[in-house]
Amino acid sequence: MDEEPLPMTEELTCPVCKDIFRDPVLLPCSHSFCRECLQGCLQVKLLCPLCRKEWTEGQAISNRDLGKACEVFQREAGWLRSQQRPGEDICRIHLKPLELYCEKDEEPLCVGCFSQHNTHRLWSLKEGAPLCKKELSFRVDIFKKKVDSHRKMKLLLNNTVEHIKYQAGQAEKHIKAEFERLYEALRTEEARRLQVLATEEEQKIAAIEELIVKTNYEVVALKKLIDTLKTEMGNEDLNLLQNFKNLKIKAQWPHEDPCIPDDSLLNMGNHVGDLSFKIWKNLQTHVKYYPVVLNPNTASPWLSVSADLTSVKESSERLTVPENPERFDPCIFVLGAEGYTSGKHRWDVVVGDSAKWIVGVCKESVVRKKKFTVSTSRGVWSIGLSKGVYNALTPERTELQVQQRPNRIRIKLNIDKGDVSFWDGETEQHLISFTHNFNEKIFPIFGPGLHSEPMTLVQGKMAVHTS
């Protein structure tokens, strides 16, 4: 039936077909089934479909009382539903009005249900409703707070979108400027190479043209000599013989025959041979390499990172940046853009004359959103300057002995050996080393302190190796 089940429906329902009993039969185990349903469940043995107790032929008897009760129920079911007034709720078991509320089971009851709930705390409907309203009101307050927090988060997310657009704009501007700088370098290199080619072309052609002029002159001289000899050969025999010695002397050609000189053509190997590699190699002077660059998404709101991500300094005011999980706040730190899980790494940091700074490495899971004491026990292996004293930032603080005030600090990290060491980058003086089994990604960490001078990463050296 589509409507809500009437009282006693469950008690008058066959456990096999789940419908009101039709011609019910009673088994010795006191369970009743429709006769047709029971016959359909029989296999080799005669077993009760519910309790699986065995019975013999003839023990299944008609349950006439149950059958009559089902007939009465089906006949009266429509009447009971038609008599129930809209909005009036009654107990489905006892057919009595719901007048009580059980605090434990959180449901309304009739007086007939009292025996089943006599150990529970019962209220009248008038008293129970405020209890439920109070609890629901408490939940409403929670949800209101959630609405407020969601609205705040929506605002933060909108700000994040704007910041992403700002980042994209800055990155696009920097990319275009960098490519334009490289384009200019390429155009300059192109012009230089074309000029070298044009100069060599001009020189080679000039040399050949000079040889052509010389050859033309010699051709004219040879023709003149030939004409002279022919004229003398046409004289009388006596005159010819008398002038023969002089003619023989004149008939000498002291010049070498013209020929194409060596290295007269353009040196094509110099101009176009392995051209792209030569261009790239010459462009090294226009390319900067940094072993480490900064990740601005981790920078404290009080730090300003340069556009090329190679220096950081204190901001004069708190920057408007997203409160993303990676960002340090309130601690004044910024991480390197790349983390390491293996290999050897080295980078230099210019700390200058700053009165307070921290440099080193840290594990990826280092605390970001609350203050903490920088220490190896917190997953930070670093050194720092504070109040004129250089310290290795161990739990008990280890003072470092330096020969002179370091201007540049060098950090060497060997993940595989579990070693990180600190050096004076100018004098090569070893300051201190830490050993640890690095079991997660390690990042460079920088704390420039509240100082106007930036902390700057040092450009790395590049070398071209060919084989």
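First, a term for later: a crossing is left-handed if the near helix is turned anticlockwise from the far one by less than a right angle, and right-handed if clockwise. Helices (H or I, at least four residues) and strands (E, at least two) are DSSP runs, numbered from the N terminus. This is a predicted model, in which local features need pLDDT of at least 70 and side-chain atom pairs count only at pLDDT 80 or more, while totals for chains, interfaces and linings use all residues. Residues are numbered from 1 along each chain as its sequence is written, and side-chain values use heavy atoms, with hydrogens and water left out.

**The whole protein**

Start zoomed out. The protein has seven helices and 19 strands. Its C-alpha atoms fill a box of roughly 175 × 75 × 45 Å along the principal axes. The radius of gyration (taken over C-alpha atoms) is 51 Å, whereas a compact globule of 467 residues would be near 23 Å, by a rule of 2.2 Å times the number of residues to the power 0.38. Of the 467 residues, 28% count as buried; that means under 20% relative accessible area, with exposed being over 50% and partly exposed in between (1.4 Å probe, protein chains only). Among contacts (heavy atoms within 4.5 Å) with a separation of 6 or more, 58% join residues 24 or more positions apart.

**Stop one: two helices**

Select 125–233 and 275–282, which are α3 and α7. Their axes come within 11 Å and cross at roughly 120°. Those axes are lines fitted to C-alpha atoms, for helices over the stretch in contact, with angles running from 0 to 180 degrees between N-to-C directions. The pair is therefore oblique, since under 35 degrees counts as roughly parallel, over 145 as roughly antiparallel, 65 to 115 as roughly perpendicular and the rest as oblique. The crossing of α3 past α7 is right-handed. Now show side chains: α3 brings L186, E189, R192 and R193 to the contact, and α7 brings L275, K278, I279 and N282.

**Stop two: E103**

Head to the loop between β4 (100–102) and β5 (107–109), where E103 sits. E103 is partly exposed, at 35% relative accessibility. Leaving aside residues up to four places away in sequence, E103 touches R121 and W123.

Most residues other than glycine have a negative phi, and most peptide bonds are trans. What is the peptide bond from D329 to P330, cis or trans? It is cis, with omega near 25°, and P330 lies in the loop between β8 (311–314) and β9 (334–335).

Next, pick K387, in the loop between β12 (380–386) and β13 (389–392). Phi of K387 is positive, near 55°, and K387 is exposed at 82% relative accessible area. Then jump to E428, between β16 (419–424) and β17 (430–435). Phi of E428 is also positive, near 65°, while E428 is partly exposed at 42%.

**Last stop: T376**

Where is T376? Look in the loop between β11 (357–363) and β12. Beyond residues up to four places away in sequence, T376 touches W381, L393, T394, P395 and F434. To finish, draw a distance from the C-alpha of T376 to that of L131: 54 Å, for residues 245 apart along the chain.
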